[in-house]
Amino acid sequence: MKRVARFVPAGLWYTVICFFSAQTGSESQGVSDGVLELFGYDILNSPMALSALLSFVIRKGAHMGVFFVLTALLYWGLREVGRPARGMWAAGLCAALAGLDEFHQTFVPGRSGRWQDVAIDTLGALCFLALAALVRAVWKKRRT
C-alpha cells in the first residue's frame, strides 16, 4: 500500500493537468490572456502578432512546466527503482501521460491533440531529469 501511496501526488497533479485540458479552446485562451494581463500586458492595445507570440510562449511554457513537475512527482514515487532506470521510467510514464492528455484534448471543443505538444511535455520531463542529475553531481562534489 505504501508503494501505491507514493504515486498519489503524481495522480493528483495529473488530475490538475486533465482539468486544464478539459477547458474549451476559448476558455484555455482566456487563461493564457489572463496570465499576460497579470504581468501588465495590454492585449487590446498591442500588436496582434506580439500578443499571439506571447500567448504561444506562455502556453508551451506551461506545457513544459506542468510535465516538469509531474516527472518530479513520478521520480519521487519511483524511488525504490535504481537511478538510471528510475529516470527512464519517470520520463517514459510522463511521455505516455502526455500522449494520453493530447488524445483527451481531441474530444474537447476548440482543442486538438498534437504530437508537438507531447514532444514539448517530454522536453519538460527531460529538463527535470537534467536538473536532478546536475543537483546530484553538485551534491556529490561538495561531499568530497
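Predicted model: local features only at pLDDT ≥ 70, side-chain atom pairs only at ≥ 80, totals over all residues.
**View 1. The largest pocket and its lining.** The largest pocket holds about 670 Å³ of space, and of the 28 residues that line this pocket, Ser-28, Arg-59, Ala-62, His-63 and Arg-111 are the closest to its centre. Helices H2 (8-21), H3 (25-38), H4 (48-77) and H5 (83-105) each supply at least two residues of the lining, and H4 gives the most, with 10 residues. By residue type, the lining divides into 12 nonpolar, 10 polar and 6 charged residues.

View 2. Among the 4 aromatic pairs that the structure holds is the one formed by Tyr-75 and Phe-128, which is edge-to-face, with 5.5 Å from centre to centre and 70 degrees between the planes. Together with Phe-68, Tyr-75 and Phe-128 form one aromatic cluster.

**View 3. Arginine side chains over aromatic rings.** Arg-86 lies over the face of Tyr-75, at 3.9 Å from the ring centre, while the charged end of Arg-79 sits over the ring of Trp-76, 4.2 Å from the centre of that ring.

**View 4. Ala-49 in helix H4.** With a relative accessible area of 62%, Ala-49 is exposed, because residues count as exposed when this value is over 50%. Ala-49 and Cys-18 are 31 residues apart along the chain, and their C-alpha atoms are separated by 29 Å.

Methods:
Residues numbered from 1 in each chain as written. Heavy atoms only, no water. 1 Å grid on protein atoms, 1.4 Å probe; cavity = no way out; pocket = protein on both sides within 12 Å on 5 of 7 lines; lining within 4 Å. Points joined across faces, edges and corners; volume = space filled by probe spheres on them. Helix = DSSP H or I, 4+ residues; strand = E, 2+ residues; numbered from the N terminus. Nonpolar A, V, L, I, M, F, W, Y, C, P; charged D, E, K, R; others polar. Buried < 20%, exposed > 50% of the residue type's maximum accessible area, 1.4 Å probe, protein only. Phe/Tyr/Trp six-rings, centres within 6.5 Å; stacked < 30°, edge-to-face > 60°. Lys NZ or Arg CZ within 6 Å of the ring centre and 35° of its normal.
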